[in-house]
Amino acid sequence: MKLLFICTHNRCRSILAEAIANYYGEGKIEAFSAGSSPIGEVHPLTISALKARSIPTEGLRSKSWDEFYDHEFDAVISVCDPAAHEPCPFWLNQYPQIHWGLSDPSAIKGSTELVNKAFEAAIKTLKNRMNATKQWLDEDIDAKELHRRLQKLANESCS
């Protein structure tokens, strides 16, 4: 299964989703991330949070969704609310659009403990969603049912 995670700036949530999907997908899921207005750098706390959990970070970078014009995906998943409401390039509209709104842990202001808890919550949610997705790939379900389940994850607590 090939997934594209999008977030406006592609510096935190979509990067987390890409890394977590590739790691916990164990070869059954191939994930990428991009943004409509990429910042051009990954937030340093994103990299730190992934490394602290031994999730590989090599190759992670902030990039535009234009880089994926010639790729094919099974689904495009927005992980920030602004990205869910942005007009997508016409070529992205050929793929199922799913929205998994996540709070931005890099936007948290406060103590190190508070910021770490925000990253932990986002990572845990994404990990649980990827584990569920990976399980479904072993079931005999069609693409429409898989997309329905992926969308349903957005409304369920994955803690």
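Predicted model: local features only at pLDDT ≥ 70, side-chain atom pairs only at ≥ 80, totals over all residues.
Which residues in α1 meet which residues in α4?

From α1, the residues are R13, L16, A17, I20, A21 and Y24. Facing them in α4 are F119, A122, I123, L126, K127, M130, N131 and K134.

Now the geometry. Two packed helices are described by the angle between their axes and the distance between the axes. Here α1 covers residues 13-24 and α4 covers residues 112-137. The angle between them is about 45 degrees, and their axes are 9 Å apart. An angle under 35 degrees would count as roughly parallel, and 65 to 115 as roughly perpendicular. The two helices, α1 and α4, are therefore oblique to each other. The crossing of α1 past α4 is right-handed.

Next, the sheet. Strands of a sheet pair through backbone hydrogen bonds, either parallel or antiparallel. In this model there is an open sheet of 4 strands, in the order β2-β1-β3-β4, and the pairing is parallel. The edges are taken by β2, residues 30-34, and β4, residues 97-99. Each of these has a single partner strand, so one side of each has no neighbour in the sheet. On average, neighbouring strands are turned by 25 degrees against each other, ignoring direction.

Let me take two of the pairs. β1 and β2 are joined in the parallel sense over 5 bridges, and I6 has A34 in β2 as its bridge partner.

How many of the 5 residues of β1 are buried? The count is 4, so β1 is largely enclosed by the rest of the structure. Helix α1 comes back in here: α1 lies across β1, residues 2-6, and β2, and runs at about 170 degrees to β2.

Last, one residue by itself. P96 sits in the loop between α3, residues 81-85, and β4. Is P96 buried or partly exposed? Its relative accessibility is 27%, so P96 counts as partly exposed. Setting aside neighbours within four places in sequence, P96 is in contact with D74, A75, V76 and H147. Between the C-alpha atoms of P96 and F73 there are 8.7 Å, while the two residues are 23 residues apart along the chain.

Key:
Residues numbered from 1 in each chain as written. Heavy atoms only, no water. Axes fitted to C-alpha atoms, helices over the stretch in contact; angles between N-to-C directions. Parallel < 35°, antiparallel > 145°, perpendicular 65-115°, else oblique. Left-handed = near helix turned anticlockwise from the far one by under 90°. Contact = heavy atoms within 4.5 Å. Pairing = 2+ DSSP bridges. Buried < 20%, exposed > 50% of the residue type's maximum accessible area, 1.4 Å probe, protein only.
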